[in-house]
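Please keep the view open while I talk.

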Amino acid sequence: MIESILIKENLSFKQVKIDIQPGLSVFTGLSGAGKSVLFNAILSAFALSESEAKMVEILLDDVLRLEEYGIENEELNVFKYLKDKNTRYFVNNQLISKKNLSLLSKQFVKYLSAKENNEFSNERMINLLDCMCEKKDSNFGILKQEFKNLFKIYLEYNNKLEQIKDEEKKVEELKEFTKFEIDKIQSINPKIGEFEELMSLKKKLSKKDKIDAAWVKASAIFELESAVIDALQISEVDSLFFSECLNELRVIWESQNLDDFDFDIEEVLDRIEKLSSLISKYGSIEETLEILEKKQKDLNHYENLSFEKEELEQKVKKVKKELEEKSNKISLLRQGKITKLEQLLNSYLLKLYMKDIKLQIKECHLGKLGKDEIVLNINEAKLKNLSSGELNRLRLAFIATECNITSDGKGIIFLDEIDANLSGKEAMSIADVLKELSNFYQIFAISHLPQLSSKANNHFLVEKHGNESVVRKIENEERIKELARMVSGENITQEAVEFARTLL
């Protein structure tokens with residue numbers, strides 16, 4: 001729910017600061033006072049309209065799905081629109097793109113002057129029928145969940161089958177390529193740790209001449225060995241430590257003698273090159289061996305493709321048969337509720353002075369909702385042929401029906417002159433439906449008729465003083481006066497005042 005709205009530098013509005021209470025909020029005033037300008041500014045903070053305002057800030061106390069956009073929920077979520085050279089959008093002081101903000105806002109904001117028919121989507125209509133079925137029979141929910149779980153398995157099997165069919169078309173090419181990869185790795189036959197050992201050997205070989213020269217110089221120490229031992233013995237010092245030290249040194253010297261190694265340097269370099277090619281392609285010898293194992297499994301899979309395909313086809317056939325049986329049961333139960341849904345929807349359309357609609361369940365391809373498609377006919381005309389006013393009233397009837405069935409509804413509805421060009425009776429019927437809806441939704445409406453305005457929980461008057469527009473909440477006598485003006489025009493009559501009091 002919107003708790004407060006702050007707007008700055010919005011054409012003729014210098015600053016607007018209003019606090020909002022729950023329920024139905026109506027904005028009235030003379031034509032040209034700036035009601036639509038004000039509405040567009042509010043909607044711009046949700047990226048659902050354009051505005052000339054320099055700044056719009058809206059505080060909401062709802063828990064929203066902000067984590068999908070990397071934003072944390074706050075106790076009060078702040079939506080901010082800033083316009084200078086560029087337009088920027090913020091949620092809880094974090095920058096958000098216009099596209100993402102629009103997607104986020106459409107989860108909880110319905111703008112009924114926009115031509116979007118998502119209320120009439122097959123999924124939403126089916127969900128309403130299912131809600132009615134479940135209220136009548138708790139086993140319906142179990143049946144639907146079983147269908148949902150089975151459909152998930154069906155999709156999994158079907159996707160695997162399609163993948164096999166694609167592989168089947170190019171299986172010979174895949175087998176040839178996989179065999180080539182396996183043969184290449186097996187011909188080299190890499191061992192873990194081998195590359196590091198060979199590189200160490202190569203490093204020693206590259207320094208062989210330097211190592212030999214250094215040890216020739218160092219070997220002079222062995223010529224002095226007996227002289228040192230004699231000196232230690234004369235000095236009555238045990239010479240064992242010195243002898244052991246020189247013996248260890250001899251071992252190290254001998255290990256550096258690369259001439260004694262039984263290998264071909266060209267073979268070592270060739271081996272290093274082959275191992276390097278594997279490491280360059282696969283990452284490491286360990287990863288190469290993992291790839292080899294995977295390729296061997298892939299080859300086995302390709303060679304047994306026809307068997308796997310046949311097995312999967314049997315599974316798909318079996319699961320589809322079960323799905324058909326369950327979807328038939330679901331369809332039968334839905335058929336039993338379609339008339340009641342149609343009657344409920346038409347009861348709201350009657351209140352909104354619109355003609356009845358017809359709902360029909362048509363069989364379609366098996367999908368996640370079963371095999372039912374709801375066809376909506378209104379006067380044998382398609383939705384796209386309705387006027388914007390008719391379409392919005394139809395949408396309103398559907399939202400009211402949805403709330404009636406589910407006993408649930410949450411979000412904000414914006415209505416721009418939904419009662420325009422209607423009679424008093426028609427306007428009052430819309431007002432009654434909106435009042436009912438305000439138990440679920442927070443509603444903002446612009447109106448030029450007193451019927452809807454009289455039902456408002458919050459009545460805001462938009463006025464223009466010279467070149468400046470202002471908006472303020474009105475109550476009691478001021479409200480009666482504004483309703484009377486809407487009845488009789490600027491020259492308010494006593495009859496209009498009495499009628500306004502009657503409406504309130």
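Predicted model: local features only at pLDDT ≥ 70, side-chain atom pairs only at ≥ 80, totals over all residues.

Residues are numbered from 1 along each chain as its sequence is written, and side-chain values use heavy atoms, with hydrogens and water left out.

Back to the pocket, then. A pocket here is an open set of points on a 1 Å grid over the protein atoms alone, where a 1.4 Å probe fits, with protein on both sides within 12 Å along at least five of seven lines, and lining residues have an atom within 4 Å of a point. The second largest pocket has a volume of about 300 Å³, a volume being the space filled by probe spheres set on the points, which are joined across faces, edges and corners. Of its 14 lining residues, the closest to the centre are Leu30, Leu461, Glu463, Glu482 and Arg485. Strand β13 and helix α17 (476–488) each supply at least two residues of that lining; helices (H or I, at least four residues) and strands (E, at least two) are DSSP runs, numbered from the N terminus.

Now to the aromatic rings. Rings of Phe, Tyr and Trp (its six-membered ring) pair if their centres lie within 6.5 Å, and planes under 30 degrees apart count as stacked, over 60 as edge-to-face and the rest as tilted. The whole structure has 11 such pairs. One of them joins Phe27 and Phe460, stacked at 5.1 Å centre to centre with 20° between the planes. Because Phe27 lies in strand β3 (residues 24–28) and Phe460 in strand β13 (residues 458–465), this pair ties together parts that are 433 residues apart in sequence. Both Phe27 and Phe460 are buried, where buried means under 20% relative accessible area, exposed over 50%, and partly exposed in between (1.4 Å probe, protein chains only). Phe27 and Phe460 also belong to one aromatic cluster with Phe39, Phe414 and Phe444.

What about the cysteines: how many disulfides does the structure hold? There are 0, a disulfide being a pair of cysteine sulfur atoms within 2.5 Å. The sulfur of Cys133 is too far for a bond, because the closest cysteine sulfur, in Cys131, is 9.3 Å away. Cys403 is in no disulfide either, its nearest cysteine sulfur, again that of Cys131, being 11 Å away. Cys133 counts as buried at 3% relative accessibility, and Cys403 counts as buried at 2%.

Finally, two separate positions. Lys410, in the loop between α14 (388–406) and β11 (412–416), is exposed, with a relative accessible area of 58%. Lys410 and Phe108 are 302 residues apart in sequence and 7.1 Å apart in space, C-alpha to C-alpha. Arg472, in strand β14 (residues 468–473), counts as partly exposed at 31% relative accessibility.
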